[in-house]
Amino acid sequence: MVNSVNINTKVKPSLKLGRDENGIKYYIDTTTNNISFLQTASDLHNLGIKNNMFFLRIYDRDLVGVNPYDPGLSKSQIEAILGECFINPYYYLREIARIPEQGGSVGIGAGSPFILHRGNLAAIFCLTHCIDFYLLLPRQCFKTHSVIAILLWSYLFGITNAQFNFMNKGQKDADSNLAKFKGQKAVLPIWMQQKFNFIDSVDGEKKIVKGTDNIRTIKNPVTGNWIESKPSARTEEAADGIGRGNTAPIQWSDESEFTQYIGTIIMAAGPAYVRAAETANRNNSFHCRIFTTTPGNIDSAPVESIG
């Protein structure tokens with residue numbers, strides 16, 4: 001275990017060491033500009049949690065202090081950043097993930113950095129350890145964008161040839177979450193967005209393959225992952241059909257408390273998800289069922305928001 005850091009004092013650039021779950025050495029980057037990660041480390045330390053800095057990990061020490069959005073990055077630096085992202089979701093979230101802001105700037109690097117707190121840290125840990133979870137957070141605590149950020153890392157780096165399903169209390173809301181997902185992806189460095197793939201054609205030339213991108217589906221031409229936004233159920237029979245067809249290893253139900261027939265959907269989806277999880281385990285890949293909501297229940301939701 002490593003000692004905590006006092007975020008109120010200037011941190012020297014010397015880096016402490018830690019070990020991951022596989023015993024691989026990493027460094028503790030207390031020089032990060034993302035203050036929320038340092039604050040969370042301090043919060044955990046004050047609560048008596050000994051392992052309070054694992055999310056400050058970085059494997060490649062040469063990347064400390066490197067700005068992933070610097071237009072002057074060398075090819076070797078870009079390759080190193082991508083390599084770190086493949087093995088380290090915390091690096092991606094801490095140093096690269098951006099959250100677009102309404103009324104804010106647009107384009108590469110726009111938005112605000114990802115903000116870590118104990119709630120979304122627990123969610124990140126669960127997903128990266130294939131633990132189903134239910135996340136309940138008050139409004140304005142980044143519930144939706146936090147889940148989108150870690151799913152975007154999974155979509156780009158964490159898994160291949162997998163289906164992600166986005167569900168919500170209504171089709172419009174599921175489509176909205178997919179649009180937010182695309183928004184987070186659009187502000188990443190262009191070399192990280194995986195819009196195209198180049199494959200060898202039969203004549204020996206390189207062929208450009210584009211991914212699918214529409215209002216309800218997005219497909220990654222590099223990793224083979226795809227996301228679908230699912231409709232709501234207006235009847236229990238429809239809910240049973242939605243559940244039985246839900247064979248995706250990554251399933252996200254947002255605003256579960258406000259979703260009609262959510263119990264039927266979950267029960268019907270159980271056997272299909274078990275098969276998807278078993279397949280993911282055999283391939284040493286991720287699987288997770290995610291449920292998120294704000295405090296409340298379906299009886300208190302406006303009628304027009306359901307369905």
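1. Cys 85 is buried, with a relative accessible area of 0%; buried means under 20% relative accessible area, exposed over 50% and partly exposed in between, with a 1.4 Å probe and protein chains only. The structure is a predicted model, in which local features need pLDDT of at least 70 and side-chain atom pairs count only at pLDDT 80 or more, while totals for chains, interfaces and linings use all residues. Residues are numbered from 1 along each chain as its sequence is written, and side-chain values use heavy atoms, with hydrogens and water left out.

2. A search of the whole structure finds zero disulfides, a disulfide being a pair of cysteine sulfur atoms within 2.5 Å. Cys 85 is in no disulfide, and the nearest cysteine sulfur, that of Cys 130, is 19 Å away. Cys 141 is likewise in no disulfide; for this residue the nearest cysteine sulfur belongs to Cys 126, 18 Å away. Cys 141 is partly exposed, at a relative accessible area of 24%.

3. An open sheet is formed by six strands in the order 6-13-12-7-11-10, with mixed pairing. Helices (H or I, at least four residues) and strands (E, at least two) are DSSP runs numbered from the N terminus, and two strands pair if DSSP finds at least two bridges between them. Strand 6 (133–136) and strand 10 (217–219) are the edge strands, each pairing on one side only. Neighbouring strands of the sheet are turned by 15° against each other on average, direction ignored.

4. Within this region, strand 12 (residues 250–254) and strand 13 (residues 288–293) run parallel and are joined by five bridges. Gln 251 has Arg 289 in strand 13 as its bridge partner. Helix 8 (residues 262–282) packs on the sheet and touches strand 7 (163–167), strand 12 and strand 13; its direction makes about 165° with that of strand 13. Such angles run from 0 to 180 degrees between N-to-C directions, and the axes are lines fitted to C-alpha atoms, for helices over the stretch in contact; contact means heavy atoms within 4.5 Å.

5. The largest nonpolar core has 63 residues, and Phe 55, Tyr 92 and Leu 151 have the most contacts inside it. A nonpolar core is a set of buried Ala, Val, Leu, Ile, Met, Phe, Trp, Tyr and Cys residues joined through side-chain atoms within 4.5 Å. Helix 5 (residues 143–158) supplies the largest share of this core, ten residues. Leaving aside neighbours within four places in sequence, Leu 151 is in contact with residues including Phe 164, Ile 250 and Ile 290.

6. Most residues other than glycine have a negative phi. Gln 140, in the loop between strand 6 and helix 5, has a positive phi near 65° and is exposed, with a relative accessible area of 73%. Gln 194 lies in the loop between helix 6 (171–186) and strand 8 (196–200); its phi is also positive, about 55°, but Gln 194 is buried, with a relative accessible area of 14%.

7. Strand 1 (residues 16–19) and strand 2 (residues 25–28) run antiparallel, joined by four bridges. Together they form a hairpin with five residues between them, and Gly 23 in the turn has a positive phi of about 80°.

8. In helix 1 (residues 35–46), the buried residues include Phe 37, Leu 38 and Leu 44. The buried residues of helix 1 pack against helix 3 (89–96) and helix 4 (118–128).

Key. Expected span 1.5 Å × (residues − 1).
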